[in-house]
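Reader: I have a structure to read, and I am new to this. Can we take a few features in turn?

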Amino acid sequence: MAVPPTYTRSVRAAPARLPNVDPDAYGVGAARAVGAVGEQMLQIARLEDQRDVQAKMADRAAAMAKLQAELRAEIDTMRQNAGPGAAGHEEAVGNLIDKRVADFMGTIDDRRVLQALTPDVARIAGGAKVDEQRFAVGMRVKKQVDDYEVAERQFGANVYADYNGTNQQTALSALYTTIDSTSMPADHKEKLRQSARRTIHGAAWQGFRQDDPEGALALIDEGFLNEDFSADEIVQLRRTAEADVARARVAADREAAKLVAAQKDEEETVLARVGDGVDYDPAELGAMAARAAARGDSHRADQLREAQVTALAVAPYRAASAVQITGALARIEADPKWRTSADKVRMHTALSRLRDERRTEEPNIAPPNWTDPASIDAYERAMRVDAAERQMPVPTYLSKDMRAQLAPMMETPGGRREVLGLLSRMSQPAAFSAARELAPNDRVFQLAATLPDHARTLALSGRDALATNPDLAPPAAVTMAFNRRAAIALRGFDTDMSRAAREVAAAITAAMLSNAGQKRWDPDTFEQATTIALGGGYRGGQQLGGIGSWRRQPILLPDDMSQPEFDRRLSRLSGPANAYAGGRQLDWATLRRNYSPLAVGDGQYHFVDAQGRPVMARNGTPSLLDIRKVR
């Protein structure tokens, strides 16, 4: 309601000012304090959350760095183990990276940390994959290059070994195909083609140089290497070939000189041997003469032609017997001046050598039928005829064919006994001769071939007994006892026969003593053994064969003859003998009184004086008595 004015103010009215009111007086300050505390608590919470994130970030960042280092180490190991061309390496590394990244991301439980680190982890993984992709590409290229280099070297070696044009083209075509199949850039491929041409052409030239240095120089002059080698390189290659040419010429000269020296030495040797009588093929001598003439040595050529003429003269006698050759020698010697003719001297020497060869040849005579005495006799006659044709004073009784039959049997003890049994069917001289050739160092074997079965058995068994007990026949005692009588009686035989008799006597002594149960030497047993060893024996208490005597001199009795029988037969001889001494003929009484019979075979004797000199027959040979023919 309106209030009427009651008076009028003299001053302007102003708004009334309220008195100042303190909010704290109404509790506003307390509320504000509570709000401030809440804000502080929120800030503290935010700080703690921030510190927690930062801690997680720091922890995962360190883990990420560790992951990166571990990945690098593992990838380096995989690189080292990668095969040629790094086949499968890129995929294996990618799988490794994906797995390790996934494992690492799984350890992050904070979205903010995950969001913050994801780009960095992605960069690490991506960078590693890109690096390994480059590595794999590089390894594939390296393998291609390595494979190519191996192929280039191999084709180069092939062309070096066989440098013909076809091989060169084949090698280049194969290498070009290999280059085109690679994934290398075009400029790299062109460099490899240049390398291929250089390698193949260089190998061809080097191979050719080894065989023909002068031809290799000609190739350089023709420009064969110009496209593939620099001027300086070609200069060096030319010098190499020129050095080869020089060396080849020196080597050729040296070889030529060596060849000439060898030819001269051969020719000198041949001429010397021709001078000694060695027989040479005339055609070979003619070829040598032509060779000497070709090198300008006319003197040597003339010498060889002369030798050829001699060889042609000797040629007809190459198949001749020793008797025929002796006839040819006699015809040369019929010329009293033959020694002044060089041709005749050479021919005489050559024929003499040829005759010596005939005399020492082993005859080709089939062995006998050992069960047929007539066949054995025929074999021995054939061997004696052969010896006469070869002019051998003493026949040999082992032909080449018989040696082939008996030699294999000599390899075993049983075979040797079988051989002795066969040889014993021959005459004593033939058996001893064949046995000596079959067993030249076994004297017991040699003499055993001439003995009857029982004596041969004693000799072989006694040798075994001696090996067990040498005291049965001590060597010194044997030698002394043998030399006292038997060695004197055997002077008409060669020393091999005498030694064989001594060794067989010792072996028979050992057998007889061993069979009697004795273990020591007995000289009486040795005397009996000597008789047996010399083909003798005892019959009815009487000695047959072995050692006898004449005028107190030991003699060898015929195998089946006693001393009284020998004396009777020798005493029956009377009248003139075919024996001469001092220019006069001797009669049998003089021979018996002044000379001693010396056995030279079974029942065959020469007569010798006190000095061992034989009485000669009318024909100039020692007088010979066959006591078996005296009745």
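**Two helices in contact**

Author: Lys 264, Glu 267, Glu 268, Leu 271 and Val 274 in helix α7 meet Arg 300, Gln 303, Leu 304 and Ala 307 in helix α9. Keep in mind that this is a predicted model.

Reader: What kinds of residue make up the contact of α7 with α9?

Author: Sort them by class. The contact has four nonpolar, one polar and four charged residues.

Reader: At what angle do α7 and α9 pack, and how far apart are their axes?

Author: Picture each helix as a line. α7 covers residues 231-275 and α9 covers residues 298-314. They pack at an angle of about 35°. Their axes are 11 Å apart.

Reader: Is the crossing of α7 and α9 left-handed or right-handed?

Author: α7 passes α9 in a left-handed crossing.

Reader: How many bridges join each pair?

Author: β7 (residues 596-601) and β8 pair over five bridges. β8 and β9 (residues 625-626) are joined by two bridges. Ser 596 has Val 608 in β8 as its bridge partner. Tyr 605 stands opposite Leu 625 in β9.

Reader: What lies between β7 and β8?

Author: The two strands form a hairpin, with two residues between them. In this hairpin Gly 603 takes a positive phi near 85°.

Reader: And where do side chains point in a strand?

Author: In a regular strand they alternate between the two faces of the sheet.

Reader: Why is β8 described as largely enclosed?

Author: Count its buried residues. β8 covers residues 604-608, and four of these five residues are buried, so the rest of the structure largely encloses the strand.

Reader: How do I read a single residue? Is Ile 75 buried or exposed?

Author: Check its relative accessible area against the cut-off. Buried means under 20%. Ile 75 has 1%, so it is buried. Ile 75 lies in helix α1 (residues 28-80).

Reader: Which residues does Ile 75 touch, beyond those up to four places away in sequence?

Author: It touches His 89, Val 93, Leu 96, Ile 97, Ala 128 and Glu 132. Take Leu 96: it is 21 residues from Ile 75 along the chain, and their C-alpha atoms are separated by 8.7 Å.

Reader: One more. Is Ser 433 buried or exposed?

Author: Ser 433 is buried, with a relative accessible area of 8%. This serine is found in helix α15 (residues 428-438).

Reader: What is Ser 433 in contact with, leaving aside neighbours within four places?

Author: Pro 395, Thr 396 and Tyr 397. The Ser 433 side chain reaches the backbone nitrogen of Tyr 397 at 3.4 Å.

Terms used:
Residues are numbered from 1 along each chain as its sequence is written. This is a predicted model: local features need pLDDT of at least 70, side-chain atom pairs count only at pLDDT 80 or more; totals for chains, interfaces and linings use all residues. Side-chain values use heavy atoms; hydrogens and water are left out. Axes are lines fitted to C-alpha atoms, for helices over the stretch in contact, and angles run from 0 to 180 degrees between N-to-C directions. Helices (H or I, at least four residues) and strands (E, at least two) are DSSP runs, numbered from the N terminus. A crossing is left-handed if the near helix is turned anticlockwise from the far one by less than a right angle, and right-handed if clockwise. Contact means heavy atoms within 4.5 Å. Ala, Val, Leu, Ile, Met, Phe, Trp, Tyr, Cys and Pro count as nonpolar, Asp, Glu, Lys and Arg as charged, and the others, Gly among them, as polar. Buried means under 20% relative accessible area, exposed over 50%, partly exposed in between (1.4 Å probe, protein chains only). A polar contact is a pair of N or O atoms within 3.5 Å; within protein, one must be able to donate a hydrogen and the other to accept it, and residues adjacent in sequence count only if both atoms are side-chain atoms. Two strands pair if DSSP finds at least two bridges between them.
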